[in-house]
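Please consult the sequence and structure shown next.

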Amino acid sequence: MIDIQNLSKVFRSGGTTHVALQKVNLKINKGEFVSFVGPSGCGKSTLLNMIAGLIQPSEGSLLYEGEPVVGINQKVGYMTQKDTLLPWRTTEANISVPLEIRKISNAEKKEKVMRYIDMVNLRGFENHYPMQLSGGMRKRAALARTLIYDPDTILMDEPFGALDAQLKLVMQDELLRIWRETQKTIIFVTHDLGEAINLSDRVVVFGAKPGRIRMIKKIDLPRSRDVFKVRFHPHYGEIYEELWDVLEQDVGKGEVV
Amino acid sequence: MESTEVAAYRKRVQITRMIVIAVLLIIWEVTARAGVMDVSWSSYPSQIFGQLSKWAMEGILWVHIGTTLNEMFWGFLLGSAMGIVSALINGRAQTLEKTLNPYILAIYSVPPVALAPLFILWFGLGVTGKIFLIASIVFFLVYLNTLAGVKEVDQDLIDSMRIMGADEKTIYTRVIIPNAGIWILTGLKQAVPKAITGAIAAEMMAAKSGMGYLIMESSSMLDIGGVLASLVVLLIVGLALTELVSRVERFLLRWKTA
C-alpha cells in the first residue's frame with residue numbers, strides 16, 4: 001500500500017544542512033497497524049508529513065497505492081498532536097467539516113455525524129465548543145473528524161502524548177476497537193515504546209542524527225489485545241527489552257520515554 | 001457563576017457610584033440657584049434637562065440624532081465592507097500587500113479630523129460627505145485589524161483542512177474569515193469612538209443638521225445649556241453604540257469564553 005524506497009529528506013536553512021531522513025526503506029501493508037518510535041528529531045514526523053504530501057522527498061521515492069504523492073494526499077486522514085478543531089464550531093459542526101467539503105446533504109450529514117459521535121463516545125457533547133471539552137474529548141472529536149470521510153490510511157502523530165497515563169490507555173483501547181471495526185491502515189508516531197507495543201503489528205525504531213530506521217520488528221503478541229493487561233503477557237518483556245536496546249543508543253541525543 | 005458575596009459587593013459599588021453622581025448633581029443645582037456660580041458659564045442640571053425635554057418634544061432632538069446616526073450607519077457599513085474585503089485580498093496576496101502597506105499607513109497617520117474639510121469641499125454640506133468621511137475612518141481601522149487577523153491564522157488549521165480535502169475557497173470561508181472575525185470586531189470597536197469624533201467634527205465645521213451642528217448652533221447663541229445638553233446626548237449615543245458592539249461581540253465570540 002505504501003512503498004518507501006531509499007527516501008531521504010534534507011532541510012537547508014541559511015547555510016546549515018539538516019538531514020532529517022536518510023535512506024529510508026519501508027513497506028506498509030493495507031490494514032496494518034504500524035508504529036514509529038524514536039527520540040525527538042529522528043524524522044518520524046517528517047516521514048508522516050511526506051506520506052501526507054505536506055513535504056516532498058529530497059531523494060528516493062514514496063509511492064502511495066503505486067502512485068507518487070504529488071501535493072496534499074487526500075486519501076489519508078491526519079491526527080496531529082495539537083488538535084486542529086476549529087474553535088468557533090461546536091463538536092458536531094467540527095466533525096461534519098469533511099462532509100461539508102464533500103457537499104453531503106444535510107440529512108445524511110446529521111445522521112453520519114451522530115453515528116461517529118457515538119463511535120468515539122461523545123454523545124451529549126455535540127453542542128459544546130472545543131474550549132468546553134477536556135483534552136481527551138477533543139482528541140476523540142478530532143478522531144471522529146478524521147474517520148468520518150473514510151480515508152484508507154490514518155496518520156497519527158503522538159495523538160495521546162498530552163494525556164495522562166490512565167486516559168492514554170483508555171484512548172488506546174478505543175483506538176484498537178475502532179481499528180478492528182474499520183480495518184484501516186494506521187501509522188502511529190509515538191515517543192512511548194509501551195504504547196507502540198500495545199497497539200502495533202510492527203514497530204519501526206528510528207534513530208537520530210541523521211534520522212534513519214534502525215530496526216523494524218514484528219510484534220508477536222496475540223490479537224485482540226487488551227491494552228490494560230498486555231504488559232503481563234510472557235513475551236512482552238523480551239519484546240520491550242529488544243526494542244529498548246535499540247532505542248537506548250539514542251538516549252542522550254534526544255527524549256525517549 | 002459568581003458567588004453571592006461578589007455579587008453583593010458589585011451592587012454596593014454600583015449604588016455608591018449612583019449616589020456620588022446624584023450628590024454632585026444636587027450640589028451643582030443648588031449652588032447655581034443660590035447664585036454662587038455664574039450660570040451663564042456653567043449652566044445647571046434642570047436647565048440642561050429642560051432644554052433636552054424641549055428639543056425632544058419639538059422633535060428637533062430626534063432629527064439631529066437621526067442625521068448623525070444615519071451618517072454613522074452608512075459610513076460604518078461602507079468602511080467596514082471595504083476594509084474587510086481589502087484585507088482579505090491583501091492578506092493572502094503578499095506582494096500586493098507589501099506594496100500598498102506604506103501608503104495605507106501614511107494616510108492612516110493623518111488625524112481624521114483634518115480630513116473633514118477635504119470631504120466638505122468635495123461633497124458639500126450634506127450627509128454624503130460625512131458618510132464618506134466616516135467610511136474612510138472606519139476603513140483604516142477595520143482594514144488593519146482584519147489584515148492582522150488574516151495573517152495570524154494558524155497554519156496547522158489550514159494544513160489539516162487541506163488534508164481533509166478543502167479547496168482554497170473553503171479554507172477562506174471556513175477558516176480564514178471566522179478566524180479573522182475576532183480581529184474584525186476589535187477593529188469595529190475601535191472605530192466607533194473615532195467615527196463619532198469624525199462625524200461631529202465635520203458637522204461642527206459645516207453642516208445643516210446633526211449633533212455637531214446642534215452644538216455649534218447652541219454655542220453661537222451663547223446657550224451653554226444647549227451645548228451641555230447636546231454633549232449629554234452625545235455621551236449617551238456613544239455609550240449605547242459601544243455597548244451594542246460589545247453585545248454583538250460577546251454573542252459572536254461566545255465560543256471563546258465558554
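Which residue in strand 9 of chain A does A:Val37 stand opposite? The residue opposite A:Val37 in strand 9 of chain A is A:Val205.

## Basis of the model

This is a predicted model, in which local features need pLDDT of at least 70, side-chain atom pairs count only at pLDDT 80 or more, and totals for chains, interfaces and linings use all residues. Residues are numbered from 1 along each chain as its sequence is written, while chains are lettered from A and ligands numbered from 1 in the order in which they are written.

## Strand 3 of chain A

Helices (H or I, at least four residues) and strands (E, at least two) are DSSP runs numbered from the N terminus. Strand 3 of chain A, residues 33-37, is mostly covered, with five of its five residues buried (20 or more other C-beta atoms within 10 Å of a residue's own, C-beta atoms being placed from the backbone; exposed means 12 or fewer). In a regular strand the side chains alternate between the two faces of the sheet. Here A:Phe33, A:Ser35 and A:Val37 are buried on one side, and A:Val34 and A:Phe36 on the other.

Strand 3 of chain A runs parallel to strand 8 (residues 185-190) of chain A, and five bridges join them; strands pair if DSSP finds at least two bridges between them. A:Phe33 has A:Ile186 as its bridge partner in strand 8 of chain A. Four bridges also join strand 3 of chain A to the parallel strand 9 (residues 202-207) of chain A.

## Helix 6 of chain A

Helix 6 of chain A has 18 residues and spans 26 Å from first C-alpha to last, close to the expected 26 Å (1.5 Å times one less than the number of residues). Its buried residues are A:Lys168, A:Met171, A:Gln172 and A:Leu175. They lie on the same side of helix 6 of chain A because they cover an arc of only 105° around the axis, taken from the directions from the helix axis to the C-beta atoms. The face turned away from this buried side carries the exposed residues A:Gln166, A:Arg177, A:Arg180 and A:Glu181.

## Domains and chain contacts

Chain A is divided into domain 1 (1-75 + 151-257) and domain 2 (82-149), with bounds from an automatic or database domain assignment. In chain A, 11 residues of domain 1 are in contact with eight residues of domain 2 (C-beta atoms, placed from the backbone, within 7 Å). Helix 6 of chain A gives the most to the domain 1 side of this contact, with five residues.

Between the chains, 15 residues of chain B are in contact with 20 residues of chain A. Helix 8 of chain B supplies the largest share of the chain B side, six residues.

Key. Two residues are in contact if their C-beta atoms, placed from the backbone, lie within 7 Å.
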